[in-house]
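Reader: I am new to this structure and would like to learn how to read it. Please take the features in turn, giving the general idea and then the case here.

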Amino acid sequence: MGRRILNDALRTIVNAEKRGFASAQLQPISSCMASFLQIMKYRGYVKDFQVHDPHRVGKITVQLQGRVNDCRALTYRQDINAQNIQSYTKRQLPTHQWGYVVISTPNGVMDHEEAIRQNVGGQVLGYFY
């Protein structure tokens with residue numbers, strides 16, 4: 001169920017960006033979604049996000065910046081080791097200049113550049129560019 005929640009949230013963000021909205025409301029939420037959004041914020045794809053009432057159903061308000069072209073969550077969690085991260089990003093992302101693959105590793109959720117730097121693999125959650 002958590003994979004579908006992340007995919008629905010990312011599609012909501014893409015649709016809001018295409019419509020030109022300044023913010024998007026995501027509901028229901030998960031901790032994986034908050035980690036994914038934290039990476040998007042760190043890389044400059046969203047301005048900010050706030051989690052409201054995380055212990056119940058909760059919702060997240062995301063302030064959009066207009067930089068997201070596409071972001072998707074993989075409904076199947078594909079395992080990837082540290083040596084194959086570079087070739088995977090070449091296949092999934094449109095160019096080498098922008099875009100990030102988000103990976104869930106034993107060290108936490110991180111993008112592919114940080115995973116290569118730490119030489120750690122894990123499961124691919126999704127990507128954005």
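Reader: Into which domains is the protein chain divided?

Author: Domain bounds come from an automatic or database domain assignment. Here the protein chain is split into domain 1 (1–64) and domain 2 (71–128). This is a predicted model, in which local features need pLDDT of at least 70 and side-chain atom pairs count only at pLDDT 80 or more, while totals for chains, interfaces and linings use all residues. Residues are numbered from 1 along each chain as its sequence is written, and side-chain values use heavy atoms, with hydrogens and water left out.

Reader: What distance separates the centres of domain 1 and domain 2, and how many residues does the contact take from each?

Author: Taken over C-alpha atoms, the centres of domain 1 and domain 2 are 19 Å apart. The contact (heavy atoms within 4.5 Å) takes 13 residues from domain 1 and 17 residues from domain 2.

Reader: How much area do domain 1 and domain 2 bury between them?

Author: Buried area is the accessible area (1.4 Å probe) that two parts lose on being put together, summed over both. For domain 1 and domain 2 the figure is about 1500 Å², with 67% of it on carbon and sulfur atoms.

Reader: How many salt bridges are counted between domain 1 and domain 2?

Author: Side chains of opposite charge can pair when their charged atoms come close. The term salt bridge is used for a side-chain nitrogen of Lys or Arg within 4 Å of a carboxyl oxygen of Asp or Glu. Between domain 1 and domain 2 the count is two. Arginine 43 forms a salt bridge with aspartate 111, and the closest N and O atoms are 2.6 Å apart.

Reader: Which elements give two or more residues to the side of domain 1 that touches domain 2?

Author: Helices (H or I, at least four residues) and strands (E, at least two) are DSSP runs, numbered from the N terminus. The elements in question are helix H1 (2–19) and helix H2 (31–42). H1 provides the largest share of that side, six residues. By class, the side of domain 1 that touches domain 2 has eight nonpolar residues (Ala, Val, Leu, Ile, Met, Phe, Trp, Tyr, Cys and Pro), three charged (Asp, Glu, Lys and Arg) and two polar (the others, Gly among them).

Reader: How many salt bridges does the structure hold?

Author: The structure holds seven salt bridges. One of them pairs aspartate 70 with arginine 11, where the closest N and O atoms are 3.0 Å apart. This pair links distant parts of the chain, 59 residues apart: aspartate 70 is in the loop between strand S3 (59–64) and strand S4 (71–80), and arginine 11 is in helix H1.

Reader: How should I read strand pairing, and how many bridges join S1 to S3?

Author: Two strands pair if DSSP finds at least two bridges between them. S1 and S3 run antiparallel and are joined by four bridges, with leucine 26 opposite isoleucine 60 in S3. Strand S2 (residues 46–52) also runs antiparallel to S3, with six bridges. Glutamine 50 stands opposite threonine 61 in S3, and valine 46 has leucine 64 as its bridge partner.

Reader: Which strand does a hairpin join to S5?

Author: The hairpin joins S5 to S6 through two residues. Strand S5 (residues 100–105) and strand S6 (residues 108–111) run antiparallel, with four bridges, and valine 102 stands opposite aspartate 111 in S6.

Reader: Where does the backbone hold a cis peptide bond?

Author: The peptide bond from glutamine 27 to proline 28 is cis, with omega near -5 degrees. Proline 28 lies in the loop between strand S1 (23–26) and H2.
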